[in-house]
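Good morning, colleagues. Please look at the sequence and the structure as I go through the surface, the rings, the backbone and the cores in turn.

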Amino acid sequence: MTSHDRPTTDADADPDASAGPSPAPPGQGVPGAADRQVTEAALFEAFGGVRGMVETVVPGLLFVTIFTINKDLHISAIAALAVSVVLAAVRLVRKDTVKHAFSGVFGVAFGVVFAMMTGNAKDFYLPGMLYTLGLALAYMITTLAGVPLIGLILGPVFKENLSWRTRNPGRKKAYAKASWAWGLILFAKCAILFPLYWWADTTQLGWVLIALKIPPFLLAVYLTWVFLAKAPAPIDVFAEMEAKEKAEKEAEERRRGEREVLDRAADDLYPDLVSEAVAEGDDERPRRARHRR
């Protein structure tokens, strides 16, 4: 099981290039170099970069190398688990992001436990293969349901959350294409590995699996980048919420200021009104006395 099978966040118009830049609503503009850089940075963060790939490959590579040499399941499994723990510990010491390393530890641990229980070295790879198959189906099913999984994963990374579902149809289409790409690539990978699980020996399966570890992942990431780079820019819902809160705060301050002005005006007018009322009362009393006579 690997962390790199899964990441760990149509333009509506085609403006004439001769017309020059024009303002557009958030998420509906034509993406430029800055948007592509944001996309690259977000994908790098979500998928772990080069170091994440290394942490994904090394435990399995160590397992198949040792098993190829001495055919000892226990030594191979313990060595793979130990190196994955060391990689996670290094990240902890350096205070780096540990999600990719820990996902590798859990994946290797499941494989070790499964292989130890069955006594079949090939079963070291089976949990990861089943996980990959399940993930491939998840990508395709969620896309058919209208909520492509890659959008659910990358939405928070781009600070757009689920705004792409209803407010940014071009971006939703790009997420759907990317999810189909991930689903089909992972499904093709499973179509190669599962027959080998039944027909090949542990060493053959292990080396093929290592060979298929990085290339399909890079292809899926590249296609995701292509689709998103051509899509409308993400809507930054966090910035929108901050702007809304700021506007509400400013409106409240204005209302408070208006109330203070009215209160001061009322305080200034109150003595004059009292004086006029007293004066009118003094004038009324002689008239009432003459009326009674």
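This is a predicted model: local features need pLDDT of at least 70, side-chain atom pairs count only at pLDDT 80 or more; totals for chains, interfaces and linings use all residues.

Helix H4, residues 99–118, supplies the largest share of the nonpolar patch, three residues. Helices here are DSSP runs of H or I with at least four residues, strands are runs of E with at least two, and both are numbered from the N terminus. The patch covers about 420 Å² and consists of Leu92, Phe102, Phe106 and Phe110. To belong to a patch, a residue needs over 30% relative accessible area and no salt bridge; like charges are joined within 9 Å, and nonpolar side chains (Val, Leu, Ile, Met, Phe, Trp, Tyr) within 5 Å. The areas come from the Shrake-Rupley method with a 1.4 Å probe, and for residues only the protein chains shown count as cover. A salt bridge is a side-chain nitrogen of Lys or Arg within 4 Å of a carboxyl oxygen of Asp or Glu.

Residues are numbered from 1 along each chain as its sequence is written, and side-chain values use heavy atoms, with hydrogens and water left out.

I turn to the rings. A pair of aromatic rings is described by the distance of the centres and the angle of the planes. Rings of Phe, Tyr and Trp (its six-membered ring) pair if their centres lie within 6.5 Å; planes under 30 degrees apart are stacked, over 60 edge-to-face, and the rest tilted. By this rule there are nine aromatic pairs. Phe63 and Tyr125 have ring centres 5.6 Å apart and planes at 90°, so they are edge-to-face. This pair links distant parts of the chain, 62 residues apart: Phe63 is in helix H2 (residues 49–70), and Tyr125 is in the loop between H4 and helix H5 (126–144). Both Phe63 and Tyr125 are buried. Phe124 and Tyr125 are edge-to-face too, because their centres are 5.2 Å apart and their planes at 80°. Together, Phe63, Phe67, Phe124 and Tyr125 make one aromatic cluster.

Next, the backbone. Most residues other than glycine have a negative phi, and most peptide bonds are trans. Lys71, although not a glycine, has a positive phi of about 60°, and Lys71 lies in the loop between H2 and helix H3 (73–94).

Finally, the cores. A nonpolar core is a set of buried Ala, Val, Leu, Ile, Met, Phe, Trp, Tyr and Cys residues joined through side-chain atoms within 4.5 Å. The largest has 24 residues, and those with the most contacts inside it are Tyr139, Ile150, Leu154, Tyr175, Trp182, Leu186 and Leu228. At least two residues each come from H2, H5, H6, helix H8 (169–199) and helix H10 (215–229). Which helix gives the most to this core? H8 does, with six residues. Another core lies apart from it and has 22 residues, among them Phe67, Leu73, Phe124 and Met129.

How values were computed. Buried means under 20% relative accessible area, exposed over 50%, partly exposed in between (1.4 Å probe, protein chains only).
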